[in-house]
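Please look over the sequence and the structure below before reading on.

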Amino acid sequence: MQRLKRDDGVAGVFVAITIATLLGMLGFAVDVGAMYDERRQLTNGADAAVLAIAEDCALKVSCNPGSAKKTAQSFANANANDGAAFIESVVLDVSARTVRVDTGTLTPSGERVFEPFFAQVIGWDGATVYGSASALWGYPSTMRGVLPLIISQCEITPLKFDELRVLTFHDANKTEPCNAAVGMDGNDDGKLAAGFGWLIADGADCSTATLTISDWVFADPGSSPSNGCSPPDISALIGEPTPLPIFDDLVGLGANGEYHIASFVLFEIAGYNFGGLYKFNPPCDGDERCVSGYFRTGTVHDGEPGGPNNGIVIVKLTG
């Protein structure tokens, strides 16, 4: 007679195996998530490091391998939850204006291995996690979305920073023209309007479309701020270094006027009288239209490099 086989306990074994598997999967998920978080921290540190190094180089604060590595270490540590990261390499190419930083795991005890929480149970002791970033620096040749106020090359020849300037509107009555220097005056009339003017804004927004060096762009007629600009739009820029285009030639006036883009500059508005509600700490009165402020040095992150150095620096992540 064949003996009946008992299956008592099979369900328990199955449940135990299932629980062990689920716990293993859960542990694996936790370890993978922790590794991704470690990589995020290292990448954030590398991003911050290359931007800081590029800015230091562009503004001539410091730009050598030794100072770059110190900067990289500082930002990598600051972005690590445990305050520690390893700098694998810093590749600084001053002639190409590029920098790359590679970071890696470093535990507070000095180990280079990211230690998993659960995977060690199955014999995996971890691995080094890496992060990297690259950046470039230069001077903008193209910018988009800047305030549609444009300044004459006359006003930055020579360019003096941190000195209060008062610029007046070039309506051919209030602002005298200046003699055109080499590289100016594309229409060969021997003169270049000084002061400032207005460009056509991009739609209803108080900003320009893309502006590129050597392009001719249409003027917004009249001495009042461009259509699309409101008093709050202008007042919000007071005390803030604002990217503005520079023109080195002007043809026509009013609706037929066009400006030739030469470069870009940072201008910190201190006061203005543009008429009507557009007044703040006015540097002139009556019907005269004017703006006062300071040419500044500083960095921006939106635009393309390739222009001359007017103190405005563009720093961009490239990888």
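## Make-up and disulfides

The protein holds 3 helices and 18 strands, where helices (H or I, at least four residues) and strands (E, at least two) are DSSP runs numbered from the N terminus. This is a predicted model, in which local features need pLDDT of at least 70 and side-chain atom pairs count only at pLDDT 80 or more, while totals for chains, interfaces and linings use all residues. Residues are numbered from 1 along each chain as its sequence is written, and side-chain values use heavy atoms, with hydrogens and water left out.

Of the 319 residues in the protein, 41% are buried; buried means under 20% relative accessible area, exposed means over 50%, and partly exposed lies in between, with a 1.4 Å probe and protein chains only. The accessible surface of the protein is about 16600 Å², and carbon and sulfur atoms hold 55% of that surface; accessible areas come from the Shrake-Rupley method with a 1.4 Å probe, and for residues only the protein chains shown count as cover. Among the contacts in the protein with a separation of 6 or more, 69% are between residues 24 or more positions apart, a contact being heavy atoms within 4.5 Å.

The protein has 3 disulfides, a disulfide being a pair of cysteine sulfur atoms within 2.5 Å. The table gives the sulfur distance and the angle about the S-S bond.

| Disulfide | S to S distance | Angle about the S-S bond |
|---|---|---|
| Cysteine 57 and cysteine 63 | 2.1 Å | 90°, right-handed |
| Cysteine 206 and cysteine 229 | 2.0 Å | 85°, right-handed |
| Cysteine 284 and cysteine 290 | 1.8 Å | -100°, left-handed |

In the link of cysteine 57 and cysteine 63, which is right-handed, cysteine 57 is buried at a relative accessible area of 8%, whereas cysteine 63 is partly exposed at 28% relative accessibility.

The disulfide between cysteine 206 and cysteine 229 has its sulfur atoms 2.0 Å apart. This pair links distant parts of the chain, 23 residues apart, with cysteine 206 in the loop between strand S9 (196-198) and strand S10 (211-212) and cysteine 229 in the loop between strand S11 (216-218) and helix H3 (231-235). Cysteine 206 counts as buried, with 11% relative accessibility, and cysteine 229 is buried with a relative accessible area of 9%.

In the left-handed link of cysteine 284 and cysteine 290, cysteine 284 is buried at 11% relative accessibility, and cysteine 290 is buried at 0% relative accessibility.
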